[in-house]
Amino acid sequence: PLTDADKNHVRSIWSKASGKAEELGAQALARMLEAFPNTKTYFSHYSDLSVKSGQVHVHGKKIIDALTDAVNHIDDITGAMSALSTKHAHTLRVDPANFKTLSHTILVVLAIYFPADFTPEVHLAIDKFLAEVSYALAEKYR
Ligand code: ZNH
């Protein structure tokens, strides 16, 4: 579980990230689609999957805003992600193994955008936070 120090690291880097939600989200989503091409199957209804795509920007912002919601409810991530979990499990039918892939590209993008903040302690905290979000998103698959 996240320690108090982890939570403070997550809040601190997220205070910068949340203001760049669209840009960071588009970068992370486009990077997932390009570096892990099997994930493209879920977005076949998008006309452009590149980082310049308007659809990728709109969806990327939604992802980061959902994570901002998780940061704002860091002691009840499962509750905060409950509706989104139902949607991914029953409507979108995303293989939950992919949550790890997107978490990875979000981590990479944060490291690129905020290199001075991205200490090993922050790296650990964000990795644990994203793993908790992924676990919460997988909740309704059972
Ligand atoms: Zn997801 C959708 C979030 C992951 C796929 N998403 C979505 C949304 C959100 C999200 C917020 C919106 C919803 C509504 O509208 O209601 N996701 C998210 C998060 C995560 C995710 C936070 C993690 C971290 N997803 C994911 C993955 C995938 C996905 C991994 C695959 C691969 N999603 C998806 C889809 C959709 C979504 C497909 C739909 C979109 C459109 O259509 O546009």
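Where does the ligand sit? In the largest pocket. A pocket here is an open set of points on a 1 Å grid over the protein atoms alone, where a 1.4 Å probe fits, with protein on both sides within 12 Å along at least five of seven lines.

Some ground rules. This is a predicted model, with local features needing pLDDT of at least 70, side-chain atom pairs counted only at pLDDT 80 or more, and totals for chains, interfaces and linings using all residues. Residues are numbered from 1 along each chain as its sequence is written, and side-chain values use heavy atoms, without hydrogens and water.

Now the overall fold. The chain has seven helices and zero strands; helices are DSSP runs of H or I with at least four residues, strands runs of E with at least two. The C-alpha atoms fill a box of roughly 40 × 35 × 20 Å along the principal axes. Of the 142 residues, 40% are buried, meaning under 20% relative accessible area with a 1.4 Å probe, protein chains only.

Back to the ligand. There are 18 residues around it, and H45, Y46, H59, K87 and H88 come nearest; the cut-off is a heavy atom within 4 Å. For Y46 the distance is 2.6 Å. For H45 it is 2.8 Å. For K87, an N or O atom lies 2.9 Å from a ligand oxygen. Helices α3 (54-72), α5 (82-92) and α6 (97-113) each give two or more residues to the shell.

Technical notes:
A polar contact is a pair of N or O atoms within 3.5 Å; within protein, one must be able to donate a hydrogen and the other to accept it, and residues adjacent in sequence count only if both atoms are side-chain atoms. On a 1 Å grid over the protein atoms alone, a cavity is a set of points where a 1.4 Å probe fits but cannot get out, and a pocket is an open set with protein on both sides within 12 Å along at least five of seven lines; lining residues have an atom within 4 Å of a point. A molecule sits in a cavity or pocket if more than half of its atoms lie within 2 Å of its grid points. Buried means under 20% relative accessible area, exposed over 50%, partly exposed in between (1.4 Å probe, protein chains only).
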